[in-house]
Amino acid sequence: TEYLYSLLRALELPVSGTWSAEMVQAIASDFMLVYAFGGDLEVSSRRDLVGMRRYLESHHHGWTALQAWVAERLRGAEPPPRNFSSVLGFLEAVADGYAEWQER
């Protein structure tokens with residue numbers, strides 16, 4: 001829970017309300033960026049996350065595959081996560097499946 005709060009703060013996104021599919025995709029992508037590759041959300045800003053994302057896009061071939069896997073899971077989520085609690089549940093499930101995905 002605290003991890004998602006910290007990510008939303010770094011991205012300057014609202015905690016409450018209903019989120020668009022695009023916003024949820026961005027949150028899930030940045031969550032996996034920090035979860036899989038590390039980073040300190042306590043001192044990170046939106047600019048830092050954009051820089052990390054750009055670096056991975058150009059230097060780490062696994063990043064694209066990881067993003068595709070998360071996007072596929074998101075497309076298959078029923079109902080689609082659109083608020084804090086449903087996104088939190090989705091991200092917990094993705095984090096739980098990450099090790100298995102890595103071993104494929």
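A residue counts as exposed when its relative accessible area is over 50%, and as buried when that area is under 20%. Values in between make a residue partly exposed. These cut-offs are applied below to a predicted model.

Glu12 is a clear case for the cut-off. Its relative accessibility is 61%, so Glu12 counts as exposed. The residue sits in the loop between α1 and α2. Its backbone also stands out. Glu12 is not a glycine, yet its phi is positive, at about 60 degrees. This positive phi comes just after α1.

Glu12 also takes part in a salt bridge. Its partner is Arg46, and the closest N and O atoms of the two are 4.0 Å apart. The pair links distant parts of the chain, with Arg46 in helix α3 and Glu12 in the loop between α1 and α2, 34 residues apart. Arg46 has a relative accessible area of 36%, so Arg46 is partly exposed.

In total, the structure holds 3 salt bridges. Another one joins Glu42 to Arg9, with 3.6 Å between the closest N and O atoms. Glu42 counts as exposed because its relative accessibility is 54%. Arg9, at 44%, counts as partly exposed.

The salt bridge between Asp30 and Arg53 has an N to O distance of 2.9 Å. Here the pair links two helices: Asp30 lies in α2 and Arg53 in α3, 23 residues apart. Asp30 is buried, because its relative accessible area is 2%.

On the α1 side, the contact involves Tyr3, Leu4, Leu7, Leu8 and Leu11. On the α2 side, it involves Ile27, Asp30, Phe31, Val34 and Tyr35. By class, this contact has 9 nonpolar residues, no polar residues and 1 charged residue.

Which residues of α1 are buried? They are Leu4, Ser6, Leu7, Leu8, Ala10 and Leu11. These buried residues pack against α2, α3 and α5.

Which residues does Ser6 contact, leaving aside its neighbours within four places in sequence? The contacts are with Leu41 and Glu42. Glu42 is also the salt-bridge partner of Arg9.

As α4 passes α5, the crossing is right-handed. From α4, the contact draws on Gly62, Ala65, Leu66, Trp69, Val70, Arg73 and Leu74. From α5, it draws on Phe90, Ala93, Val94, Gly97, Tyr98 and Trp101. By class, the contact of α4 with α5 has 10 nonpolar, 2 polar and 1 charged residues.

The loop between these helices has a backbone feature of its own. Pro79 is found in the loop between α4 (61-76) and α5 (84-102). The peptide bond that joins Glu78 and Pro79 is cis, with an omega of about -10 degrees.

Technical notes. Residues are numbered from 1 along each chain as its sequence is written. This is a predicted model: local features need pLDDT of at least 70, side-chain atom pairs count only at pLDDT 80 or more; totals for chains, interfaces and linings use all residues. Side-chain values use heavy atoms; hydrogens and water are left out. A salt bridge is a side-chain nitrogen of Lys or Arg within 4 Å of a carboxyl oxygen of Asp or Glu. Buried means under 20% relative accessible area, exposed over 50%, partly exposed in between (1.4 Å probe, protein chains only). Helices (H or I, at least four residues) and strands (E, at least two) are DSSP runs, numbered from the N terminus. Contact means heavy atoms within 4.5 Å. Ala, Val, Leu, Ile, Met, Phe, Trp, Tyr, Cys and Pro count as nonpolar, Asp, Glu, Lys and Arg as charged, and the others, Gly among them, as polar. A crossing is left-handed if the near helix is turned anticlockwise from the far one by less than a right angle, and right-handed if clockwise.
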